[in-house]
Amino acid sequence: MVYSYAQLEQWDKQYVWHPFTQMKQYVNERPLIIERGKGSYLYDVNGRRYLDGYASLWVNVHGHNDPELNAALYEQLEKIAHSTLLGSANVPSILLAKRLLEYWPHMSKVFYSDTGAAAVEIALKIAYQYWKNLDPVRYATKNKFVSLKEAYHGDTVGAVSVGGMETFHRIFAPLLFERIEVPAPYVYRMEEYGREQDVVRHCLNELERVLASQHEHIAAVIVEPLVQGAAGIIVHPRGFLKGVEALCRQYGTLLICDEVAVGFGRTGTMFACEQEEVAPDLVCLGKGITGGYLPLAATLVTEEVYAAFLGDAEEDKTFYHGHTYTGNQLSCSVALKNIELIEARGLLDDVQRKARRLAGWLERLYDIPIVGDIRQKGLMCGIEIVKNRRTKEVFPRAAMLEHRIILEARRRGLVIRPLGPVLTFIPVLAMSEAEMEEAVRILYDSIVCLYEQARAELG
């Protein structure tokens, strides 16, 4: 049955509560209702196409409706869609675990879940229980976690507890466990500390101060390696991640790297940790793991961490955690094919090459007076919009300037989203250079359009 746009719009506004969306505002706008996708494009129910400049929430790798990913899914579907991993195994989950560990040779085991937030939640619980399993008396006080200012690790209660974004997290403060915050190297807004490496030095010194005084109470440090995505694509200068690792080793605390947003080629290497040769104790994977097809996430751990959970029944060292769809066959099958295609198609080299071209196209945005900073790592880009370049003051929230820019971009054929005052451009990894250049052109024209409107409205 074919439904009209008007009917779908009515039902959408009547029945659906959208995530991270102020519904009072949403119901007064015309929603984008997607019907299908092909390559780098999304198509709405009216047949209009849009470049997917948000990679459908940073997950799409090879493009929409990829024939080989489709075939892998169909092939598995004809065998079985799902059976539990609790107390039994399945073929795709075994093969995928082996494949993932080939990229993380210092790791030993893979624990599956279905979202990045769940992968983080699992990592936090493992880190906490690890110390208790080793010696519940000696490590009785190792109950705290350290994370960065403006950290974002997902929306479950544990993941929110180690988050540091006031807008998203402050309302839930009474529900959360204690976290210790340390500064992140947000170079654009930390001029008072000097140049890039001065900022890195300051942030590492602050982390060391915390670890030196409280390491007996700290179970783990958790970081987003290289890029803090939801914070506004804050790109960490080289050396920060390696410095964090060194301090964790020095003060005897676990290191959790949350690769959910930055993994599977997004920053130009298969995983971000590779770029500074960092070997975390636990790593969280998600988003691009299935190429944007199905929900799947994984938490990888070292043999040392895993071994702490081995014991006789009466020792009660078991990790009591699991999800209904843990290690789902459909998801694992398409993830296996995704990794195969990344390698076979030379996608990582392709991303690095396109990232260099993209940097040149983005530079032109500085011609627009309200573009304050452009940050990029691989194919993760953030454009910070400011009212005043000199003071770096942002526009009033009520002006909704960034939201209006993305609506203008949509009108011109590009789907992107803002994070506060930052416009993000996170394209499908396989997006062609021509498509990427067109996306930046639309972005440029959209910002200019709203800049002119803002000048007239706000002076």
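## Salt bridges and a helix pair

The side chains of Arg412 and Glu408 meet in a salt bridge, 2.8 Å from N to O. A salt bridge here is a side-chain nitrogen of Lys or Arg within 4 Å of a carboxyl oxygen of Asp or Glu. This is a predicted model: local features need pLDDT of at least 70, side-chain atom pairs count only at pLDDT 80 or more, and totals for chains, interfaces and linings use all residues. Residues are numbered from 1 along each chain as its sequence is written, and side-chain values use heavy atoms, with hydrogens and water left out.

Stay with the first pair. Arg412 and Glu408 are four residues apart in helix H14 (residues 401-412), so about one helical turn separates them. Helices (H or I, at least four residues) are DSSP runs, numbered from the N terminus. Glu408 is buried, at 11% relative accessibility. Arg412 is partly exposed, at 32%. Buried means under 20% relative accessible area, exposed means over 50%, and partly exposed lies in between (1.4 Å probe, protein chains only).

Now look at helix H9. Glu206 forms a salt bridge with Arg209, with the closest N and O atoms 3.1 Å apart. Both residues lie in H9, three residues apart, about one turn of the helix. Glu206 is partly exposed, with a relative accessible area of 23%.

Other bridges reach further. Arg345 and Glu68 meet in a salt bridge of 3.0 Å, N to O. This pair links distant parts of the chain, 277 residues apart. Arg345 sits in the loop between helix H12 (329-344) and helix H13 (347-363), and Glu68 sits in helix H4 (residues 67-77). Arg345 is partly exposed at 37%, and Glu68 is partly exposed at 36%. Salt bridges can also join up: Asp350, Arg353, Lys354, Arg357 and Glu433 are linked in a network. The count comes to 28 salt bridges.

Return to H9 and its partner. Helix H9 (residues 196-214) packs with helix H10 (residues 240-251) at about 15°, with their axes 10 Å apart. Axes are lines fitted to C-alpha atoms, for helices over the stretch in contact, and angles run from 0 to 180 degrees between N-to-C directions. H9 and H10 are therefore roughly parallel to each other, a label for angles under 35 degrees. The contact (heavy atoms within 4.5 Å) includes Val200, Leu204 and Leu207 of H9 and Phe240, Val244 and Leu247 of H10.

Conventions: Helix = DSSP H or I, 4+ residues; strand = E, 2+ residues; numbered from the N terminus. Parallel < 35°, antiparallel > 145°, perpendicular 65-115°, else oblique.
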